[in-house]
Amino acid sequence: MTDTTRSARGGVPERPSLDGLEETWARRWQSDGTYAFDRTKERPDVYAIDTPPPTVSGELHMGHVFSYTHTDTVARFQRMRGRTVFYPMGWDDNGLPTERRVQNVYGVRPDPALPYDRDWRPPAAPVDDAARKNPTAISRRNFIELCELLTVEDEKAFEALWRRLGLSVDWSLTYTTIGSAARAASQRAFLRNLARGEAYQAEAPTLWDVGYGTAVAQAELEDRERPGAYHRLRFTGPDGREVLIDTTRPELLPACVALVCHPDDERYADLVGASVRTPVFGVEVPVRAHPLADPAKGTGIAMVCTFGDLTDVTWWRELRLDTRVVIGRDGRLLPEPPAGVPAEPYAALAGQTVNGARRTLVELLADAGDLVGEPRPITHPVKFYERGDRPLEIVSTRQWYLRNGGRDAGLREELLARGRELRWVPEHMRYRYEHWVGGLTGDWLVSRQRFFGVPVPVWYRLDDAGEPDWSHPLTPDEAMLPIDPTSEPPPGYDESQRGEPGGFTGDPDVLDTWATSSLTPQIVGGWETDPDLFARVFPMDLRPQGHDIIRTWLFATVARSHLEHGALPWHTAVLSGWILDPDRKKMSKSKGNVVTPMALLEQNGSDAVRYWAANGKPGMDLAFDPAQVKVGRRLATKLLNASRFALGLGAADALRATATQPLDTAMLAELSGVVATATTAFDGYDHTAALMATEAFFWRFCDDYIELVKERAYGTGPAADSARAALATALSVQLRLFAPVLPFVTEEVWSWWRYGSVHRAPWPTTYEVGRAMDAPGDPELLRLAADALGQVRRAKSERKLSMKADVPLAEALGPAAVLDQLGTVADDLRAAGRIAKLDLLPDRTTELVVACAF
């Protein structure tokens with residue numbers, strides 16, 4: 001509690017405060033097991049949430065607070081509805097973001113060629129920019145240990161913030177995507193995909209991030225506008241004909257394998273089937289026709305290089321063109337030219353970066369007279385890995401793929417059908433899913449050339465020459481999982497045979513982090529390790545997540561569940577929007593407009609921040625507004641003070657009594673409607689509508705009802721008993737209505753006069769409210785009384801009088817029926833307005849008018 005000095009009545013503190021509630025109640029909830037999942041309940045009594053595991057690679061931000069608060073309101077509502085809530089928390093700690101953070105914090109880089117050094121220790125403090133630019137090379141194992149060390153510390157900070165925010169998760173269900181259970185589940189699913197032919201290996205053009213040194217998948221791409229330039233190059237056709245092409249990537253000229261024009265372009269129809277010679281290198285390449293060639297772009301004929309972009313890959317594949325690779329995995333031009341390209345002109349490019357090679361080749365073109373005009377500056381979209389800072393290249397590599405419908409029309413239709421089977425909140429988000437699935441151009445590339453991840457669980461036999469047999473991978477028994485093929489031998493081999501002819505080699509790659517995150521329902525549900533738990537929670541009820549990762553997390557999870565279980569992984573997906581800064585721009589670290597939440601939570605209180613977050617509807621973006629946070633704190637403070645006042649009137653002793661007076665039943669009748677509205681809203685995952693209805697009623701309750709009845713409630717007799725009974729029911733119901741959004745202040749007030757936790761109390765019902773009235777009430781009566789009192793207050797205010805000033809005479813004018821209603825609450829109106837005499841004058845006006853004489 002915030003104040004241990006209690007009045008003798010009901011345990012109400014003398015000076016209630018919001019300060020310190022978070023620490024007090026977070027400890028109490030943990031010690032009491034308030035949010036513990038009861039695994040004895042049958043599936044119909046369970047509500048299971050597939051919680052997004054945040055990426056452990058830095059600080060949580062307001063976007064996390066925003067979306068996780070939404071999920072927590074659902075969990076709290078369902079718990080109060082009588083369900084046992086399966087609400088785990090996970091940390092997504094494997095993958096590139098963690099590696100990059102470790103590299104930046106400690107100034108290191110992994111080198112698989114180095115041996116493990118058990119005596120190596122990381123720097124005691126984060127390093128400076130100079131150390132980051134010249135990182136220390138350490139072994140793969142040392143690097144992984146460093147990743148594990150840093151993520152543990154990050155996870156402690158994340159958990160502290162979540163507890164401060166009041167997330168009602170069961171912390172005993174916490175998992176990590178690099179943990180043993182997650183590794184085993186991820187490897188098990190991969191091996192089953194492999195056994196069913198859904199996972200396969202192929203040598204193919206691959207989108208490659210030269211900064212991270214790894215392949216990336218289609219779902220991880222983003223276009224960024226970058227400056228560039230069109231260069232017009234002169235090719236030589238039959239009989240010396242000049243053929244001009246425009247390109248933004250002249251450095252790929254040695255990788256040119258064809259020119260392509262549209263089949264209907266008459267300008268080049270006679271060239272199709274013929275050959276032309278490249279400038280500088282003089283290599284003969286064919287001219288082919290393809291419908292993807294755009295006659296209106298540049299000169300209408302394009303250079304096909306292996307590989308400049310994804311269109312080049314399509315042309316190369318569909319036209320069965322040659323392959324001439326010139327860019328290596330390090331982003332530099334290879335030291336030797338591809339077959340058929342003369343070595344002498346290529347030597348000037350070998351080993352250069354892409355930008356350096358571009359400058360050199362432009363000079364060579366100009367010297368040869370084959371650069372037509374000056375380069376023309378442009379701004380154009382360039383493909384990046386979503387977390388990378390250098391443009392992607394396309395290189396030919398051997399990778400693992402998982403079938404996802406990109407090349408299988410039947411599977412695509414099955415996954416589209418799954419999307420239609422899923423309940424989407426809001427519904428229009430389904431179209432984003434369908435757009436993504438319908439636009440897939442290839443299968444999911446799931447292998448990564450990195451270190452801190454789930455290892456691809458296969459080995460390869462080496463032939464007598466020491467070459468691996470890629471087509472027949474060696475696999476472990478599922479009972480062996482998790483395994484690391486780079487440090488453990490396959491069944492039937494020993495470690496001495498690693499890398500030796502006739503022996504084996506382990507797959508050095510790890511799985512894409514989404515390949516593990518896409519199995520979160522299976523990981524937390526105990527798939528194949530705890531069948532009893534899995535039967536109680538799978539398929540889960542809810543997947544909450546951001547709309548921007550429908551293409552990655554949501555789709556991948558649907559695909560994995562469909563392939564493994566033939567079912568959706570959950571029944572409902574609720575999508576959250578983005579957090580915007582006050583200028584309506586998306587918050588992001590790169591823009592420098594991110595607000596970190598801990599200071600905000602400490603300054604304003606968690607309930608206030610949750611109130612701001614709950615004002616954002618599912619699927620809608622919300623601007624961060626400090627003023628809205630202050631409104632939330634004002635609401636929480638008012639809830640403390642109004643509750644203290646009501647309990648000070650003796651409401652706690654009247655909880656199960658019945659309201660009999662017209663004004664009391666009118667208030668309860670309106671409250672019954674609020675309960676119905678809030679319940680319907682929460683059932684529809686609209687926490688905002690529930691909060692708006694509850695908050696609007698609460699302010700009317702405080703400003704109007706309490707003011708109207710407080711004099712009566714101070715008294716004795718049946719009328720006073722009715723007021724206290726109505727106050728008790730209203731307070732009990734409103735605390736529970738607010739509880740999903742304002743968990744700390746509602747728990748604090750509940751503890752003053754009720755047993756147990758408000759978060760374990762039953763959700764209020766219209767039946768419960770109706771039972772507190774001796775007869776049905778009329779909500780309009782409360783509004784009428786409030787209108788009359790408001791006019792009296794305005795009259796005092798206009799005369800600059802205190803609200804406690806006496807009114808010798810007040811005259812109420814209006815239709816007879818209205819005044820008849822007002823007459824039923826005349827005593828409460830006189831007391832609240834301090835009116836000595838109240839005259840009711842019917843049919844003098846068409847609307848209620850209260851005139852005061854002073």
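Buried means under 20% relative accessible area, exposed over 50%, and partly exposed in between, with a 1.4 Å probe and protein chains only. This is a predicted model, in which local features need pLDDT of at least 70, side-chain atom pairs count only at pLDDT 80 or more, and totals for chains, interfaces and linings use all residues. Residues are numbered from 1 along each chain as its sequence is written, and side-chain values use heavy atoms, leaving out hydrogens and water.

**Stop 1: helix H20**

Select residues 687-713, which form helix H20. Helices (H or I, at least four residues) and strands (E, at least two) are DSSP runs, numbered from the N terminus. Inside H20, pick Phe697 and Phe701, which are four residues apart, about one turn of the helix. Phe697 counts as buried because its relative accessibility is 1%; Phe701 is buried too, at 3%. Their rings form a stacked pair, 6.2 Å centre to centre with 25 degrees between the planes. Rings of Phe, Tyr and Trp (its six-membered ring) pair if their centres lie within 6.5 Å; planes under 30 degrees apart count as stacked, over 60 as edge-to-face and the rest as tilted.

**Stop 2: the largest core**

Now select Met667, Leu668, Phe701, Tyr705, Leu727, Trp753 and Leu822, the residues with the most contacts inside the largest nonpolar core, which has 90 residues. H20 gives the most to this core, with 13 residues. A nonpolar core is a set of buried Ala, Val, Leu, Ile, Met, Phe, Trp, Tyr and Cys residues joined through side-chain atoms within 4.5 Å. A second, separate core of 38 residues includes Tyr175, Val524, Phe534 and Leu575.

**Stop 3: helix H22**

Select residues 743-753, helix H22, where 10 of the 11 residues are buried. Among the buried ones are Phe744, Trp750, Trp752 and Trp753. The helices they pack against include H1 (21-32), H2 (62-80) and H17 (606-614).

**Stop 4: a pair between H2 and H17**

Show Phe66 in helix H2 and Trp612 in helix H17, 546 residues apart in the chain. The ring centres are 6.0 Å apart and the planes stand at 45 degrees, so the pair is tilted. Phe66 has 0% relative accessibility and counts as buried, as does Trp612 at 1%.

**Stop 5: a three-stranded sheet**

Finish at an open sheet with the strand order S17-S24-S23 and parallel pairing. Two strands pair if DSSP finds at least two bridges between them. S17 (423-425) and S23 (540-546) are the edge strands, each with a single partner, so one side of each has no neighbour in the sheet. Three bridges join S17 to S24 (residues 570-576); Val425 has Val574 as its bridge partner in S24.

Definitions and conventions:
Contact = heavy atoms within 4.5 Å.
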